Amino acid sequence: PGRIDLEIITSMVSPPLSASMALGFFRALDENQDGHVDFKELACGVSAACRGPEMERQKFCFKMFDLGGDSQLCESELIQMLENMVEIVDKIRADGGSIRKEECKTIILDLLQRQGNSKTEIRKHLTMEEFLVWTVDNVHAREISHIIVQLCHVGLGLRPSSRMEEGNIVKGWLNR
C-alpha cells in the first residue's frame with residue numbers, strides 16, 4: 001500500500017512515452033531501486049522533472065535514459081534515447097524532426113567521437129555533464145523535457161505554479 005509499481009506508471013505515461021521510456025521514467029523516480037515508487041520518491045522525482053531550470057529537468061531525463069544505472073550513457077542507451085526522441089518529436093511537430101531514425105547511430109557515434117581525446121578515439125559512453133552540454137542546443141532534448149513536464153502535470157496531477165504555466169501545459173498537451 002502507498003507504493004506505485006511500473007505497471008501503474010506505464011499506464012499513466014504511455015503513450016506518449018514508449019514502453020522503454022516509461023521504464024526509464026519509472027527507474028528515474030525509483031531512487032532506491034526497490035521496484036516501487038513511494039510518495040517521497042514520487043514527490044522528489046516530479047519536482048526534479050518539472051521545477052527549476054532546464055538543466056535540472058535534463059538531469060532527470062539523463063536518469064531516464066541511463067537504464068544501466070551506472071551514471072553514464074553507453075552507445076546502445078544513446079541510440080535508443082535518440083530514436084525515442086526522434087519518434088516523439090516527429091509525432092509532435094508538424095514539420096517532423098530534422099533527423100531520420102536511421103541516422104541515429106551515426107549521430108551518436110559522431111557525438112562519442114567528439115567527446116574523445118583525439119580525432120580517431122571513440123568513447124564508449126557519455127557522462128551526465130557531457131549529456132547536459134549536448135542538450136543545450138538540441139531541440140529533441142527540449143521536446144522530451146517539455147513532454148515530461150506535461151506528463152507530470154496532466155498525468156500525475158502536479159499543480160502548475162501559475163495560470164500562464166497551466167495554459168502552456170494545456171496548449172502543449174492539446175497540440176500533441
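Mentor: A residue is buried under 20% relative accessible area, exposed over 50%, and partly exposed in between (1.4 Å probe, protein chains only). This is a predicted model, where local features need pLDDT of at least 70, side-chain atom pairs count only at pLDDT 80 or more, and totals for chains, interfaces and linings use all residues. Residues are numbered from 1 along each chain as its sequence is written, and side-chain values use heavy atoms, with hydrogens and water left out.

Trainee: Okay, is S71 buried or exposed?
Mentor: S71 counts as exposed, because its relative accessibility is 52%. S71 also has a positive phi of about 65 degrees although it is not a glycine.

Trainee: Where does S71 sit?
Mentor: In the loop between helix 4 and strand 1 (72-74). Helices here are DSSP runs of H or I with at least four residues, strands are runs of E with at least two, and both are numbered from the N terminus.

Trainee: What about Q33, what's its phi?
Mentor: Q33 isn't a glycine either, yet its phi is positive, about 55 degrees. You'll find Q33 in the loop between helix 2 and helix 3. With 45% relative accessibility, Q33 counts as partly exposed.

Trainee: Switching topic: how many helices and strands does the protein have?
Mentor: Nine helices and two strands. Along the sequence the pattern reads α-α-α-α-β-α-α-β-α-α-α.

Trainee: And how much of the protein is buried?
Mentor: 40% of its 176 residues count as buried. The accessible surface (Shrake-Rupley method, 1.4 Å probe; for residues, only the protein chains shown count as cover) is about 9,700 Å², with 54% of that belonging to carbon and sulfur atoms.

Trainee: What's the average pLDDT?
Mentor: The protein averages 81, and 88% of the residues score at least 70. pLDDT is the predictor's confidence in each residue, from 0 to 100.

Trainee: Which elements have the lowest and highest mean pLDDT?
Mentor: Helix 9 (residues 163-175) has the lowest at 76, and helix 4 has the highest at 91.

Trainee: Let's look at helix 4, then. At what angle does it pack with helix 8?
Mentor: Helix 4 (residues 54-65) and helix 8 (residues 139-154) pack at about 90 degrees, with axes 10 Å apart. Axes are lines fitted to C-alpha atoms, for helices over the stretch in contact, and angles run from 0 to 180 degrees between N-to-C directions.

Trainee: What do you call that arrangement of helix 4 and helix 8?
Mentor: Roughly perpendicular. The cut-offs are under 35 degrees for roughly parallel, over 145 for roughly antiparallel, 65 to 115 for roughly perpendicular, and oblique for the rest.

Trainee: Which residues make the contact?
Mentor: Contact means heavy atoms within 4.5 Å. Helix 4 brings residues including F60, C61 and M64, while helix 8 brings I144 and I148, among others.

Trainee: And helix 3 with helix 4, how do their axes cross?
Mentor: The axes of helix 3 (residues 39-50) and helix 4 cross at roughly 125 degrees and come within 6 Å, so these two helices are oblique to each other. G45, A48, A49 and C50 of helix 3 meet E56, R57 and F60 of helix 4.
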